[in-house]
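Reader: I am new to this structure and would like a friendly tour. Could you take my questions one at a time?

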Amino acid sequence: MKVSLLDNALWAASFTSTLILFAVLLFRKRWQQFPVFTTLIGYYVLENIVGFLVLRYDPLLYPKVYWIIFAIDFLLQVALIVEVARVVFQPTGTWVHDERTGFAIAGIVGALIAAGLTFAVHPSVPKTIDAWGIRAYLFTSLIFCELFLVAMFAAQKVGLVSKNHVMRLGQGLTAWALVSAMVDVAHSYYGTTHLHDFNTLEHVRTAAYIGAVLYWTVSFWLAEPERRELPEEMQKYLVALHAKVQYDATQVSSAQNLR
């Protein structure tokens with residue numbers, strides 16, 4: 001298969017920007033807060049090198065290598081979702097701890113909705129495994145979007161500001177995920193038989209990824225702003241309110257047991 005000049009340019013830009021981001025994560029020690037994200041970016045660097053070498057020296061082996069790369073990528077993306085949730089909801093007080101249940105419920109509902117939409121899509125591809133590949137990418141894209149929407153509401157309660165690293169990470173993931181979801185939906189319609197349309201859509205996905213990587217590179221290079229602290233009076237009020245709710249719940253439970 002002939003590789004166009006645009007393909008080479010996008011690959012070079014993707015690889016270079018990913019390598020720079022990986023270096024920033026290591027040099028600025030952001031890996032300590034985001035070990036899974038750093039692992040994923042490092043994996044993308046390795047993935048580009050392996051993919052390039054396989055295509056150059058043994059193109060017939062590439063389909064098998066592709067599915068191995070895809071499986072590891074999918075697992076790391078799922079782990080990244082858990083990591084983002086952990087950073088956002090890491091307990092800093094009783095009232096934050098209580099929000100975890102709501103986030104878990106929202107995550108489960110979002111996963112069910114994403115799964116339903118994913119199974120509703122019927123990719124026009126000749127092989128079943130290709131269809132499942134498109135569905136898997138679409139599922140993770142939808143989950144990323146749902147996760148960040150929930151996290152935005154929760155961030156106001158845990159004192160995160162818009163320039164916080166985890167917020168910037170979520171913003172980049174959401175933008176990239178939205179584009180990827182639209183690309184996967186388009187792939188399900190056009191299939192893989194129309195090579196020109198397929199390549200054009202992948203160029204859009206790659207361009208969105210490069211944009212997200214550049215955004216993360218700048219964000220993780222800059223120092224993270226401090227969380228907004230709640231006024232002392234508000235903190236005391238929230239603690240007292242939580243204690244009162246627990247006390248009232250205990251009283252109601254005791255009254256019901258006496259009946």
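Reader: In which helix is the place of G170?

Author: Happy to start there. Helices are DSSP runs of H or I with at least four residues, strands are runs of E with at least two, and both are numbered from the N terminus. By that naming, the place of G170 is in helix α6.

Reader: What kind of model is this, and how are its residues numbered?

Author: Residues are numbered from 1 along each chain as its sequence is written, and side-chain values use heavy atoms, with hydrogens and water left out. This is a predicted model, where local features need pLDDT of at least 70, side-chain atom pairs count only at pLDDT 80 or more, and totals for chains, interfaces and linings use all residues.

Reader: Is G170 buried or exposed?

Author: Buried means under 20% relative accessible area, exposed means over 50%, and partly exposed lies in between (1.4 Å probe, protein chains only). The C-alpha atoms of G170 and V84 are separated by 7.7 Å, though the two are 86 residues apart along the chain. With a relative accessible area of 5%, G170 is buried.

Reader: How far apart in space are M167 and F148?

Author: M167 also has its place in α6, and its relative accessible area of 8% makes it buried. In sequence, M167 and F148 are 19 residues apart. From C-alpha to C-alpha, their separation is 8.3 Å.

Reader: Which residues is N164 in contact with, leaving aside its neighbours within four places in sequence?

Author: N164 sits in the loop between α5 (128-158) and α6 (165-190), and at 3% relative accessibility it counts as buried. Contact means heavy atoms within 4.5 Å. With those neighbours left aside, the contacts of N164 are E224 and P225.

Reader: How many helices and strands are there in the protein chain?

Author: From the N terminus on, the elements run α-α-α-α-α-α-α-α. Of contacts with a separation of 6 or more, 74% come from residues 24 or more positions apart. The count for the chain is eight helices and zero strands.

Reader: Where in the protein chain is confidence lowest?

Author: Confidence here is pLDDT, the predictor's score for each residue from 0 to 100. The chain averages 76, and 67% of the residues score at least 70. Over residues 91-96 the pLDDT is below 50, and this stretch has eleven contacts in the model beyond near neighbours in sequence. Helix α1 (residues 5-27) has the highest mean, 94, while the lowest, 54, belongs to helix α8 (residues 232-258).

Reader: What span should helix α2 have at 1.5 Å a residue?

Author: The expected span is 1.5 Å times one less than the number of residues in the helix. Helix α2 covers residues 35-57, which makes 23 residues, and its end C-alpha atoms are 33 Å apart.

Reader: Which residues make the nonpolar surface patch?

Author: A patch takes residues with over 30% relative accessible area and no salt bridge, joining like charges within 9 Å and nonpolar side chains (Val, Leu, Ile, Met, Phe, Trp, Tyr) within 5 Å. The largest share, four residues, comes from α2. L53 lies in that helix and is partly exposed at 40% relative accessibility. The patch, about 510 Å², is made by W11, I49, F52, L53 and Y57.

Reader: Which residue forms a salt bridge with E202?

Author: A salt bridge is a side-chain nitrogen of Lys or Arg within 4 Å of a carboxyl oxygen of Asp or Glu, and the count comes to one. With the closest N and O atoms 3.1 Å apart, the partner is R205.

Reader: What phi does K29 take?

Author: K29 is in the loop between α1 and α2 and counts as exposed, at 53% relative accessibility. Most residues other than glycine have a negative phi. K29 is not a glycine, yet its phi is positive, at about 60 degrees.

Key
Areas by Shrake-Rupley, 256 points an atom, 1.4 Å probe, with all protein chains shown as cover.
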